[in-house]
Amino acid sequence: MVRLDIFSDPICPWCYIGKAFLDRALESRPDHPFAVEWHPFQLNPEMPREGMDRREYLERIFGSKTKAVEAHVQLAKMAGEAGVEMDFARIERVPNTLDAHRLIHWAGLEGRQGAVVAALFRGYFREGLDIGDAQVLTEIAAQAGMDRALTARLLATDNDRDDLAARDADARSKGVTAVPTFLVDRQYVLSGAQSVSLWQQVDRRDRRRPP
């Protein structure tokens with residue numbers, strides 16, 4: 001197996017698009033060698049714990065409604081190419097994602113990371129869910145087969161918050177400045193949403209490597 005580490009944030013639209021392209025490539029190669037693991041990177045590490053109104057956030061990031069609309073038009077085009085739906089009108093808040101990253105970490109311990117990551121992206125971008133809310137995260141965990149009561153208890157604590165924040169900081173110190181960032185076999189770095197054809201080429205190269 002070839003390790004594929006992915007640094008992402010579940011409120012990053014390019015991460016959602018990048019995941020969709022990767023998923024399509026892996027589905028086209030059922031015997032692919034990749035073992036995928038997801039790692040934390042917060043787009044907004046200073047975001048208040050309760051999150052922020054999305055309209056206020058967009059004005060702060062883009063400076064004007066016109067620029068925000070232009071950015072969303074480009075995103076919609078790429079999302080269409082990736083085959084994913086995004087309903088930005090349903091998103092009311094931009095959450096602090098540290099608790100979502102904690103859930104992704106716990107899901108990884110149970111072998112359910114892929115399902116939880118997919119549900120977080122879908123919940124935020126298609127359903128407009130506040131994925132900084134403990135009840136929302138608990139429901140996502142339960143639907144992915146995790147223990148509902150245990151997840152709720154863990155989210156009510158600060159368990160692993162410092163560790164996840166430290167992992168985020170470590171990634172930045174090692175050169176991760178934007179997401180998605182893919183680390184292939186702990187050697188090769190790919191930044192940004194990559195095409196299906198590129199992932200298929202990476203797969204072919206890994207198959208040609210000497211044992």
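**Contacts, core and pocket in a predicted model**

Leaving aside neighbours within four places in sequence, Gln42 is in contact with Asp9, Asn96, Thr97, Leu98, His101, Asp168 and Arg172. The structure described here is a predicted model. Gln42 is found in the loop between strand 2 (34-40) and strand 3 (52-53). The relative accessibility of Gln42 is 6%, and residues under 20% are classed as buried, so Gln42 counts as buried.

The largest nonpolar core has 58 residues, and within this core Val116 and Trp199 touch the most other members. Helix 1 (residues 13-27) gives the most to this core, with eight residues. Not counting residues up to four places away in sequence, Trp199 touches Leu4, Phe21, Leu22, Ala25, Phe182, Val184, Leu190 and Gln194.

Aromatic rings were considered next. The count comes to seven aromatic pairs. One of these is formed by Tyr16 and Phe121, which are stacked, with 5.2 Å centre to centre and 5° between the planes. This pair links distant parts of the chain, since Tyr16 is in helix 1 and Phe121 is in helix 5, 105 residues apart. Both residues of the pair are buried: the relative accessible area is 9% for Tyr16 and 1% for Phe121. Another pair, Tyr124 and Phe125, is edge-to-face, with 4.9 Å centre to centre and 85° between the planes. Tyr124 counts as buried at 4% relative accessibility, and Phe125 is buried with a relative accessible area of 2%. Ring pairs link Tyr16, Trp38, Phe88, Phe121, Tyr124 and Phe125 into a cluster.

Empty space in the model was examined as well. Rolling a probe the size of a water molecule over the atoms shows where such space is left. The largest pocket holds about 390 Å³ of space. The lining of this pocket is made up of 21 residues, and the closest to the pocket centre are Ile11, Pro13, Leu43, Tyr57 and Phe62. Helix 1, helix 2 (54-62), helix 3 (65-82) and helix 5 (113-125) are the elements that give two or more residues to the lining. Helix 2 gives the most, with five residues. By class, the lining of the largest pocket has 17 nonpolar residues, three polar residues and one charged residue.

The remaining features lie in loops. Thr177 is in the loop between helix 8 (161-173) and strand 5 (181-184). The relative accessibility of Thr177 is 69%, and values over 50% are classed as exposed, so Thr177 counts as exposed. Although Thr177 and Ser8 are 169 residues apart along the chain, the C-alpha atoms of the two residues are separated by 11 Å. Pro180 also lies in the loop between helix 8 and strand 5. A cis peptide bond joins Val179 and Pro180, with omega at about 5°.

The loop between strand 5 and strand 6 (188-191) holds Asp185, and Arg186 is found in this loop too. Phi of Asp185 is near 55°, a positive value in a residue other than glycine. Phi of Arg186 is likewise positive, near 60°, and Arg186 is also a residue other than glycine. Arg186 is exposed, with a relative accessible area of 59%.

Definitions and conventions: Residues are numbered from 1 along each chain as its sequence is written. This is a predicted model: local features need pLDDT of at least 70, side-chain atom pairs count only at pLDDT 80 or more; totals for chains, interfaces and linings use all residues. Side-chain values use heavy atoms; hydrogens and water are left out. A nonpolar core is a set of buried Ala, Val, Leu, Ile, Met, Phe, Trp, Tyr and Cys residues joined through side-chain atoms within 4.5 Å. Buried means under 20% relative accessible area, exposed over 50%, partly exposed in between (1.4 Å probe, protein chains only). Helices (H or I, at least four residues) and strands (E, at least two) are DSSP runs, numbered from the N terminus. Contact means heavy atoms within 4.5 Å. On a 1 Å grid over the protein atoms alone, a cavity is a set of points where a 1.4 Å probe fits but cannot get out, and a pocket is an open set with protein on both sides within 12 Å along at least five of seven lines; lining residues have an atom within 4 Å of a point. Grid points are joined across faces, edges and corners, and a volume is the space filled by probe spheres set on the points. Ala, Val, Leu, Ile, Met, Phe, Trp, Tyr, Cys and Pro count as nonpolar, Asp, Glu, Lys and Arg as charged, and the others, Gly among them, as polar. Rings of Phe, Tyr and Trp (its six-membered ring) pair if their centres lie within 6.5 Å; planes under 30 degrees apart count as stacked, over 60 as edge-to-face and the rest as tilted.
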